[in-house]
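Here is a short report on one protein model. Look at the sequence and the structure first, then read on.

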Amino acid sequence: MTREDDRTLFINGEWTSAGNGSLFDVLDPSTEAVIGRASDGGAADARAAVAAASAAFEGWANQTAYQRAAALERAHRIMLRRADELAALMTLEQGKPLRAAKNEVLYGADFLSWFAEEAKRVYGTTIPSARANQRLTVLRQPVGVVAAITPWNYPISMIARKVAPAVAAGCTVVLKPAEQTPLCAIAMFEIFEEAGFPPGVVNLITTGNPEAVGDVLLESREVRKLTFTGSTAVGTELAARAASTMKRVSLELGGHAPFLVFEDADMDHAAKGAVLAKFLNTGQACICPNRIYVHSSGYERFIEAFTQRASRLTVGAGHQDGVSIGPLIDSAATEKMERHVADARNKGARLLTGGSRVSVDGLAGTNFYAPTVLADVTPEMEIYTEETFGPVAAVIPFDNEDEAVRMANNTDYGLASYVYTTDLVRATRVSERLRFGIVGINDINPTSAAAPFGGVKNSGIGREGGAQGIDEYLDVKLVGMTV
Ligand code: ADP
């Protein structure tokens, strides 16, 4: 960290310490050693940030789209310049392998340039009126102050994915990052500072006490929009509370992605894709497959190829060469793996590889879990319905397409889904029937700053990225005029 430890709040263009003067520790999940400290912002700090964002709103909204775009373009250039440093910081603080961290930084940077462009395309419309002397015009205007709450699993890109469309639209932002990863957030706000956003346009409250800061953001009438990425449980509660001040909300919540492998798929390609998607970020992504359904004719062949590939993955600290499975974020996450595996085995699942914590030479961390494959998983098992969020894969056989689609859709979640098939007609049919916000067909990474990301049902509301992403930060205004 480049700054004084206790000045990690960014309010009205100034780095400050928490009003109560306290700090909280930040840990390296690979060693569980303290790697830094951040200011423990509280309610008074959050109120100051909301006041700054509120005061800055009109001036920022009245800048031209070209001026707002220019600030985002500057931030984009700085982010690319600092990409290696950001990646190293993320690996240290969050644990993911360095290459994955670098990919995340570049993915995050894409949102800055994408929304710099989109700022210039906030078009309105005119509507023919039934009255000859009337003109109807539709304007799209920024919603106002935005509260953004971000998670630890993608600690940089989730910030870019929210701040970029908000400021492009002309909104101002108060961001509260996850308590596990404040250092990445601080680094992002150093970039925003260097890019020259006017004071109050972007504000950061680091805190170890999310509820106290969350309460202020939710209760404030000045905050007109909540954008949240995190668990379905917390997102549901925050959205319910946001309703009392009638805030706009967008929510990116949990997932329980099905991964369908049909009899006509290339089994090796499917196994390779399933490993990449399942163990992405050590399984700690909301788009990770949670239920891998394979047609019975290719089932044994698939699980052999899948297990072989999974068991070859190296577990370790993200900065070590060749590591693709980093530590889980904390002991609660690791205990969940243990619980899911024990429950599935007790109910008859076959454990094909992994199934336990591993210790890594030279690292004190206790939250390394072996890449694990469970076959013959059934609906009675916890892992079949609960989001795993870790490196444990559940494989399930099926006999026909209708059954597979029905099982895939039989979940309260609806974020990502995956289909492996070489039959174009089947691919079309199945992608239309899946009740998910995202479908990957022979594709494990159907995400891009240029494309709308988001879910249905308990996976959330709204979309991030794409042409739709900026709409979340714009209100529609109708102007009728008699001429
Ligand atoms: P996860 O299970 O991935 O940690 P959470 O939903 O608990 O997901 O956390 C996602 C984000 O929500 C984090 O920034 C966390 O600090 C924040 N958060 C959790 N509870 C609250 C709350 N009551 N008010 C405001 N923010 C919260």
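## A pocket and its surroundings

The second largest pocket has a lining of 13 residues, and those nearest its centre are L27, P29, Q180, I329 and D330. The model is predicted. The volume of this second largest pocket is about 230 Å³.

Where does the second largest pocket lie? Domain 1 (9–253 + 458–482) and domain 2 (257–449) both contribute residues to its lining, so the pocket lies between them. Strand β3 (residues 23–28) gives the most to that lining, with three residues. By type, the lining of the second largest pocket holds five nonpolar, three polar and five charged residues.

## Strand pairs

The table gives each pair with its bridges and direction.

| Strand | Partner | Bridges and direction |
|---|---|---|
| β12 (residues 257–261) | β17 | three bridges, parallel |
| β17 (residues 416–420) | β18 | four bridges, parallel |
| β13 (residues 289–295) | β16 | four bridges, parallel |
| β15 (residues 372–375) | β16 | three bridges, parallel |

## Around β17

Start with β17. Five of the five residues of β17 are buried, so this strand is largely enclosed by the rest of the structure. Both of its faces are covered. A416, Y418 and Y420 are buried on one side, and S417 and V419 are buried on the other. In a regular strand, side chains alternate between the two faces of the sheet.

β17 has β12 as one parallel partner. There, L260 stands opposite V419 of β17. β17 also runs parallel to β18. In that pairing, Y418 has G440 of β18 as its bridge partner. From β17 the chain crosses through helix α14 (residues 424–433) to β18, and this β-α-β crossover is right-handed.

Which residues of β18 (residues 438–441) form its covered face, and which its uncovered one? I438 and G440 make up the covered face of β18. V439 and I441 make up the uncovered one.

## Around β16

Now turn to β16 (residues 392–398). Six of its seven residues are buried, so β16 is largely enclosed by the rest of the structure.

β16 runs parallel to β13. Here I292 has V395 of β16 as its bridge partner. β16 also runs parallel to β15. In this pairing, L374 stands opposite A394 of β16.

## Two positive phi angles

Most residues other than glycine have a negative phi. Two loop residues are worth a look here. D376 is not a glycine, yet its phi is positive, near 60°. D376 sits in the loop between β15 and α12 (382–385).

Is D376 buried, partly exposed or exposed? Its relative accessibility is 26%, so D376 counts as partly exposed. The cut-offs behind that are under 20% for buried and over 50% for exposed.

F389 is not a glycine either, and its phi is positive at about 55°. F389 is found in the loop between α12 and β16.

## In brief

The second largest pocket lies between domain 1 and domain 2, since both give residues to its lining. β17 is paired with β12 and with β18. β16 is paired with β13 and with β15.

Notes: Residues numbered from 1 in each chain as written. Predicted model: local features only at pLDDT ≥ 70, side-chain atom pairs only at ≥ 80, totals over all residues. Heavy atoms only, no water. 1 Å grid on protein atoms, 1.4 Å probe; cavity = no way out; pocket = protein on both sides within 12 Å on 5 of 7 lines; lining within 4 Å. Points joined across faces, edges and corners; volume = space filled by probe spheres on them. Nonpolar A, V, L, I, M, F, W, Y, C, P; charged D, E, K, R; others polar. Domains from an automatic or database assignment. Buried < 20%, exposed > 50% of the residue type's maximum accessible area, 1.4 Å probe, protein only. Pairing = 2+ DSSP bridges. Right-handed = clockwise from strand over helix to strand, strands pointing away.
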